[in-house]
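Dear colleague,

Please find below the structure that I am handing over to you. My notes on it follow.

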Amino acid sequence: MASGSSVGREPYDEEAASRRPLELAVRDSASASASASDHRSGNIMPRYQVGLNKADTSKKNLEVWHKKQSGADDIRKSKSGYFTASGVDLSPDNMAVAIVYFVQGVLGLARLAVSFYLKDDLHLDPAETAVISGFSSLPWLIKPIYGFISDSIPLFGYRRRSYLILSGFLGAFSWSLMATAVDSKYGAAFSILLGSLSVAFSDVVVDSMVVERARGESQSTSGSLQSLCWGSSAFGGIVSAYFSGSLVDTYGVRFVFGVTAFLPLMTSAVAVLVNERRLTPGEHAMSVSGSGFIESSTQHIKQLWTSVKQPNIFLPTLFIFLWQATPHSESAMFFFITNKLGFTPEFLGRVKLVTSIASLLGVGIYNYFLKAVHLRKIFFVTTIIGSALGMTQVLLVTGLNRQLGISDEWFSIGDSLIITVLGQAAFMPVLVLAAKLCPPGMEATLFATLMSVSNAGSVTGGLVGAGLTKLLGVTRENFGNLPLLIIICNLSSLLPLPLLGLLPDEEDSDNEETKHS
């Protein structure tokens, strides 16, 4: 089911789960010489669920993935002595990277549990749950800082390994708190924020590792490691979707939080397999020396500001923010379908599984049918269709679907399937546009900044939606104005359309690509 104006919007889901590594691959398709990394992304969040934060997908990398799936899926030994899959050496180092991505996908296990915990255990209203969701997304807004910290301040002689270990421990600590000690909305918000920080930081670190390894690949195998990572994350997301609802139904939310607490420890465990040379004491001291560090930081910020303030970058970035910032009614719909329609966690887990698979279908549709279509046209068409499909929620809220002979369950599944496919296909142009805007030499930092702006738009949309929910008096028991809220949210998604002129036109885009290549 549509959730307000959620088409193409990066959803609130702190794990960024299933769609993640592809954001990185989009950047790589814009420049084969990227020097560090950033993530984000995500699978599309199942409808009617209060999520936590971010599907990310790539244009070029998916082509590579589909091509390799058709003819190079066999596993064989390479000259290095390791087995290979799809052109990637299954070395301990590469397997560690893939497992980190798998963990980011499988952490979606707790998403439904969080939604039900906020609603049933803490007895929060829809507006309050939306605010907590937005608050928990804050760590995704400052991702460039994590990359800068990892690059500039090594811990115990390592720039990557140490931060992965700490991120895993932080994630385990946050979910342990949720499983044992948290009993208030403030404690829940703090713990979810820590978990979000854990995933966001490890996401940036592991992306940088993939970029470093991709630079050593030949042209024929470019993107192969990213494909393995994408598959790992997508598999983790599907696995978590399958079990998330049934575990909540059978054992309760605290049990699910306890199980989730063990998952980040996989990141800490495999970090020791990362192939990274330890810095000598002299190199370590040089990295964190006062004058050199400050000078490097100042230069970095100046370069970033010089790039961002250029009109050909600033104006499209402004459009991305405004396009993401329109309000949505996800929290209110989650309360309606659980409190009013009686949807169980097990059923919502099935819906989540359907939408996880549907997001992959959306990726394929974009890759095969839309990648050659101009960005302005894709934004225009998907926004119009998404707004129209979002109105179908009114049928569910008013019960008209039953008069048409369609049960609430089947209507929900069908609507979620369609809107998720459209949403995934609609969000990919955001990643492609962000990649095209990055000038040579600033790919990693600027891409991370643009994704943070996109995430900020999503958070803003959630908070505006929470305000509208409060203003219209939609609560956990009163859904009288929910149809009006749905209509307002979906119509508001059309507001950015007059600003499509802020996007580069086709000729400018082609000229820019030619210049960068």
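Where is the place of Thr317? Thr317 belongs to helix 14 (residues 311-324); helices here are DSSP runs (H or I, at least four residues), numbered from the N terminus.

The model is predicted, with local features needing pLDDT of at least 70 and side-chain atom pairs pLDDT 80 or more, while totals for chains, interfaces and linings use all residues. Residues are numbered from 1 along each chain as its sequence is written, and side-chain values use heavy atoms, with hydrogens and water left out.

Thr317 is buried, with a relative accessible area of 11% (buried means under 20%, exposed over 50%, partly exposed in between, with a 1.4 Å probe and protein chains only). A polar atom of its side chain lies 2.7 Å from the backbone oxygen of Ile313. Leaving aside residues up to four places away in sequence, Thr317 touches Leu437, Leu450 and Val453 (contact means heavy atoms within 4.5 Å).

His123 is exposed, with a relative accessible area of 53%. This residue sits in the loop between helix 4 (111-121) and helix 5 (126-136). Although His123 is not a glycine, it has a positive phi of about 55°.

Lastly, a helix pair. The axes of helix 7 (residues 161-180) and helix 10 (residues 253-262) come within 8 Å and cross at roughly 160° (axes are lines fitted to C-alpha atoms over the stretch in contact, and angles run from 0 to 180 degrees between N-to-C directions). Helix 7 is therefore roughly antiparallel to helix 10 (angles over 145 degrees). Residues meeting across this pair include Trp175 in helix 7 and Phe257 in helix 10.

Terms used
Helix = DSSP H or I, 4+ residues; strand = E, 2+ residues; numbered from the N terminus. Parallel < 35°, antiparallel > 145°, perpendicular 65-115°, else oblique. Polar contact = N/O pair within 3.5 Å; in protein donor to acceptor, adjacent residues only side chain to side chain.
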